[in-house]
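The sequence and structure come next.

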Amino acid sequence: MPPIVPPSTAAPVPDYGAPLYRSPDVPHVPSLPTWTPPPAARKTNVLAIISLVSAFFFGLAGIVTGHVALGQIKRTRERGRGLAISGIVIGYVNALATVGVIVRVCCTNR
């Protein structure tokens, strides 16, 4: 009596030399792709970068652009929230230091 062979669900493969090692009782399942492209990276908000950079030189500009950047980031889901917050904090520190220097210069005895 000949052996019972289950029908194959895959198309017959021509013999190119190397044998296919497949168990006869497991049907052929196509494999998943080996490489998938990475997800598209979110871009960083430009005003958040400007806020951080300008906060070192002109505190008020860092404060204003930082607050505007936070609003844009919340609406558009861009990256850069930490940059915007850093720009705001450094801007406030710079603005307070500038006001302190102006008060000190104006109020010193001559």
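Which residues does asparagine 94 touch, not counting residues up to four places away in sequence?

## Asparagine 94

In this predicted model, asparagine 94 touches Ala55, Phe56, Phe57, Phe58 and Gly59, with residues up to four places away in sequence left out of the list. Asparagine 94 itself is part of helix α3.

A polar atom of the asparagine 94 side chain lies 2.9 Å from the backbone oxygen of alanine 55. The relative accessibility of asparagine 94 is 18%, so the residue counts as buried, the cut-off being under 20%.

Helix α1 runs over residues 46–57, which makes 12 residues. At 1.5 Å a residue, α1 should span 16 Å; the C-alpha atoms at its ends are 17 Å apart, which agrees.

At the start of α1, asparagine 45 places a side-chain oxygen within 2.8 Å of the backbone nitrogen of leucine 47.

## Helix α1: two faces

The buried residues in α1 are Ala48, Ser51, Ser54 and Ala55. They cover an arc of only 140° around the axis, and therefore sit on the same side of α1. Among the elements that cover these buried residues are α2 (59–76) and α3 (81–107).

Which exposed residues does the face of α1 turned away from its buried side carry? That face has Val46, Phe56 and Phe57. Phe56 and Phe57 are also among the residues that asparagine 94 touches.

How values were computed
Residues are numbered from 1 along each chain as its sequence is written. This is a predicted model: local features need pLDDT of at least 70, side-chain atom pairs count only at pLDDT 80 or more; totals for chains, interfaces and linings use all residues. Side-chain values use heavy atoms; hydrogens and water are left out. Helices (H or I, at least four residues) and strands (E, at least two) are DSSP runs, numbered from the N terminus. The expected span of a helix is 1.5 Å times one less than its number of residues. Buried means under 20% relative accessible area, exposed over 50%, partly exposed in between (1.4 Å probe, protein chains only). The arc is that of the directions from the helix axis to the C-beta atoms. Contact means heavy atoms within 4.5 Å. A polar contact is a pair of N or O atoms within 3.5 Å; within protein, one must be able to donate a hydrogen and the other to accept it, and residues adjacent in sequence count only if both atoms are side-chain atoms.
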